[in-house]
Amino acid sequence: MKNKFLLFFAFTCFLFCNTNHFFAQKKYVVVIDAGHGGKDPGNTGNGYKEKSIVLKVALAIGNLLNNKKDVKVIYTRHTDVFIDLWKRGDIANHAKADLFVSIHCDSHTSNAYGAGTFVLGLRGNKKNLEIAKRENASILLEDNFEKRYKGFDPNSAESVIGLSLLQEENLDKSLVLASLIQTNFAFKLKRNDRKVKQDNFQVLRETIMPSVLVELGFLTNKREGRYLNSKKGQQEMAKAVADAIYKYINNLKLNTVADQNSAKPVNQNAIVYKVQLASSKTKLATKSYNFKGLKNVERVAVDSYFKYYFGNSGVYKEVQKSLKKAKAKGYKTAFIVAFKNGEKISLKEALKTK
Ligand SMILES: [Zn+2]
């Protein structure tokens, strides 16, 4: 009797575990970056320490998101340590993160107050440049910074290098997240809305996924400094950011579903042309950030290789356009391949069929 029960139990567990595995959800990886740390205190308006406040808020954001079963949180730091700006981006890139959120507090000689969110841009207005310069100044504390940032002088307004195509691709998504965060600050918490802005923040240049930098408020403003240094203020601000991030993730999920629904039915008898971008032993996620910004890349396993195709079309002229696009993005060796009934045929044969 006992044995039977054990067997039944084992079998149930087996079923349960397998079902669970089968329905395993995609985990969205969110990197939360507390600005500054260690020898870099950030701004110290009214005697408050930016590095300590942003760490507490960052950890609180992470705690809230870790409660969601489809989110995985990674911190760039969870203690009071100095981390190079490039390293922060590196952590996110290696984790193949879906999102990078950097948390800061602002300072000013005036009584300015309010919360703002930044996305990467070449040049904002003069006011934003001052903020970017302050936040980028951490670089000067890094060993070897001249080598690392190749001619980037954080104190110079002219030190601006062009954005990569990938960063431009990510801009739309970054803007969506930034406006969700600002909406929560302004309407849920009634903070003074300093809006979504663009500027050349070094920490945002280092990442290859949608990224934002949040300025929670001004420590130099007496009232706001006190609020941001309080547990209540930190919890409220953290919840506003975490809720916005989760809303953004839910939007992503909806988009995925829409993409699947709009997939074109494939006529198996027709000739289909595609651009072969690459053939590799490495299994890459077919996300645009892995393919220099190209969208709708298809991955097909052939023997022990993965082939990556782009620009599926039954019209040769269309796929020629796709080839041009791929080459322009740097896939110099890309070429057109043809399929009939799902089988690869020679391009010559395919063109003769028409
Ligand atoms: Zn800062």
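Predicted model: local features only at pLDDT ≥ 70, side-chain atom pairs only at ≥ 80, totals over all residues.
Trainee: What makes up the chain?

Mentor: There are 11 helices and 11 strands. The chain has 354 residues, and 45% of them count as buried.

Trainee: How do you know which parts of the chain the contacts join?

Mentor: Take contacts between residues at least 6 apart in sequence. Of these, 77% join residues at least 24 apart.

Trainee: Now the metal. Which residues coordinate the zinc ion?

Mentor: His36 uses NE2, Glu50 uses OE, and His104 uses ND1.

Trainee: What spacing do the donors follow along the chain?

Mentor: The spacing is H-x13-E-x53-H-x30-E. His36 sits in the loop between strand 1 (28-34) and helix 2 (50-66), and Glu50 sits in helix 2. The two are 14 residues apart.

Trainee: Why is His36 called buried?

Mentor: Buried means under 20% relative accessible area. His36 has 4%, so His36 counts as buried. Glu50 has 2%, so Glu50 is buried too.

Trainee: Next, salt bridges. How many are there?

Mentor: The count comes to eight salt bridges.

Trainee: Why is the pair Asp98 and Lys26 called a salt bridge?

Mentor: The rule asks for a side-chain nitrogen of Lys or Arg within 4 Å of a carboxyl oxygen of Asp or Glu. In this pair the closest N and O atoms are 3.6 Å apart, so the pair qualifies. Asp98 lies in the loop between helix 3 (85-94) and strand 3 (99-106). Lys26 lies in the loop between helix 1 (2-22) and strand 1. They are 72 residues apart.

Trainee: What makes Asp80 and Lys51 a salt bridge?

Mentor: Their side chains meet at 3.1 Å, N to O. The limit is 4 Å, so the pair qualifies. Asp80 lies in the loop between strand 2 (71-75) and helix 3, and Lys51 lies in helix 2. So the pair ties together parts that are 29 residues apart in sequence. Asp80 is partly exposed, at 44%. Lys51 is buried, at 10%.

Trainee: What about Glu298 and Lys274?

Mentor: Their closest N and O atoms are 3.1 Å apart, and they form a salt bridge. Glu298 is in strand 8 (residues 298-302), and Lys274 is in strand 7 (residues 271-280). The pair is 24 residues apart. Glu298 has a relative accessible area of 29%, so Glu298 is partly exposed. Lys274 is at 10%, so Lys274 counts as buried.

Trainee: Let's turn to helix 8. Which of its residues are buried?

Mentor: In helix 8 (residues 222-229), Glu224, Gly225, Tyr227 and Leu228 are buried.

Trainee: How do you know that they are on the same side of helix 8?

Mentor: They cover an arc of only 165° around the axis, which puts them on the same side. In general, an α-helix has 3.6 residues a turn, so residues three or four places apart point the same way. On the other side of helix 8, Lys222, Arg223 and Arg226 are exposed.

Trainee: What caps the N-terminal end of helix 8?

Mentor: Asn221 does. One of its side-chain oxygens lies 3.1 Å from the backbone nitrogen of Arg223.

Trainee: Which residues touch the most other members of the largest nonpolar core?

Mentor: Ile32, Ile61, Leu65, Ile103 and Ile245 do, in a core of 45 residues. Helix 9 (residues 231-261) gives the most to this core, with 11 residues. Apart from it lies another core, of 19 residues, including Phe306 and Tyr331.

Trainee: Where is Ala242 found, and why is it called buried?

Mentor: Ala242 is in helix 9. Its relative accessibility is 3%, so Ala242 counts as buried. Leaving out residues up to four places away in sequence, Ala242 touches Ile61, Leu64 and Leu65. The C-alpha atoms of Ala242 and Ile61 are separated by 5.3 Å, though the residues are 181 apart along the chain.

Definitions and conventions. Residues numbered from 1 in each chain as written. Heavy atoms only, no water. Buried < 20%, exposed > 50% of the residue type's maximum accessible area, 1.4 Å probe, protein only. Helix = DSSP H or I, 4+ residues; strand = E, 2+ residues; numbered from the N terminus. Arc of directions from axis to C-beta. Polar contact = N/O pair within 3.5 Å; in protein donor to acceptor, adjacent residues only side chain to side chain. Core = buried A, V, L, I, M, F, W, Y, C linked by side-chain atoms within 4.5 Å. Donors = N, O, S within 2.8 Å, 3.2 Å for Na, K, Ca; no water. Contact = heavy atoms within 4.5 Å.
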